[in-house]
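Welcome, and thanks for taking a look at this one with me. Below are a few points to read alongside the model.

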Amino acid sequence: KEAVIRAAKKEYVVVGPTIPVGNCRQNFSHEKKGTLWLQTSTLENVIVDIGNSLIKNGFDKIIIANGHGGNIAPCSNAAERIKYGNENVFVASIKTWELHEGYEEEFGIKYPEELPDYCGHGCLETAYILHLRPGDVKEDEYHDSKPEDELTELGCVWPPQYGPYKNPIQVILTIDECVPYGNFGNPSGVTPELGDAIMEAWATNLARFFKALKEGKVKWRKAK
């Protein structure tokens with residue numbers, strides 16, 4: 001939400017409603033309870049209904065900003081249903097958490113040297129919260145929660161929990177089947193400044209896409 005609002009302010013676009021609960025079933029942990037989730041079909045239907053409502057109100061460009069790996073499938077399915085159910089409408093689904101990758105130098109993003117590969121976005125999420133709501137972070141509860149699953153060089157966890165997670169064999173696991181403490185990695189090396197830099201990269205790259213779309217630089221062959 002924060003990155004989208006920043007981007008919207010840069011390019012004066014309308015921000016639709018935030019859906020506060022997503023497909024997070026895989027993140028329910030007996031170690032750290034409190035996770036809420038929607039069924040994938042429920043989330044997909046909510047997105048479709050919101051998108052169709054916006055189109056009915058005159059919008060012809062719908063961009064779904066996704067902030068969680070578990071939402072990839074319902075967001076993609078919803079985007080298809082909105083697009084194929086409405087003529088002459090532009091629809092896109094964005095994996096927001098990847099918008100900083102490759103732009104580290106431009107935005108001064110410096111990862112902690114001790115940040116292990118398996119920590120991935122789990123630790124970076126702590127950096128975002130340290131920047132946005134530092135009072136919500138309990139640093140005395142940090143643990144080095146290293147994955148204990150072994151899925152061979154072909155396997156990966158789905159929904160994506162830690163990198164690398166783009167291998168061809170997707171194994172459905174709960175977070176408790178992957179790690180001992182209900183989280184991935186030890187976030188002790190991350191800082192609020194890191195969270196702010198990544199958030200700004202997301203917002204700026206989103207705004208760049210909005211600008212290109214508004215200026216007609218995003219091109220596709222129009223259907224007859």
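1. A residue counts as buried under 20% relative accessible area, as exposed over 50%, and as partly exposed in between. Val46 has a relative accessibility of 30%, so Val46 counts as partly exposed. Please keep in mind that this is a predicted model.

2. Where does Val46 lie? You will find Val46 in helix 2, which covers residues 40-56.

3. Next, have a look at Asn66, which belongs to strand 1 (residues 61-66). Its relative accessible area is 3%, so Asn66 is buried.

4. What surrounds Asn66? Apart from neighbours within four places in sequence, Asn66 is in contact with Asn71, Ile72 and Cys75, and also with Ile94, Lys95, Thr96 and Trp97. The side chain of Asn66 also has a polar atom 2.9 Å from the backbone nitrogen of His68.

5. Finally, turn to the second largest pocket, which holds about 210 Å³ of space. Which residues line the second largest pocket? Its lining is made up of Asp60, Lys61, Lys83, Glu87, Asn88, Val89 and Phe90, together with Trp220, Arg221, Lys222 and Ala223.

Technical notes
Residues are numbered from 1 along each chain as its sequence is written. This is a predicted model: local features need pLDDT of at least 70, side-chain atom pairs count only at pLDDT 80 or more; totals for chains, interfaces and linings use all residues. Side-chain values use heavy atoms; hydrogens and water are left out. On a 1 Å grid over the protein atoms alone, a cavity is a set of points where a 1.4 Å probe fits but cannot get out, and a pocket is an open set with protein on both sides within 12 Å along at least five of seven lines; lining residues have an atom within 4 Å of a point. Grid points are joined across faces, edges and corners, and a volume is the space filled by probe spheres set on the points. Helices (H or I, at least four residues) and strands (E, at least two) are DSSP runs, numbered from the N terminus. Buried means under 20% relative accessible area, exposed over 50%, partly exposed in between (1.4 Å probe, protein chains only). A polar contact is a pair of N or O atoms within 3.5 Å; within protein, one must be able to donate a hydrogen and the other to accept it, and residues adjacent in sequence count only if both atoms are side-chain atoms. Contact means heavy atoms within 4.5 Å.
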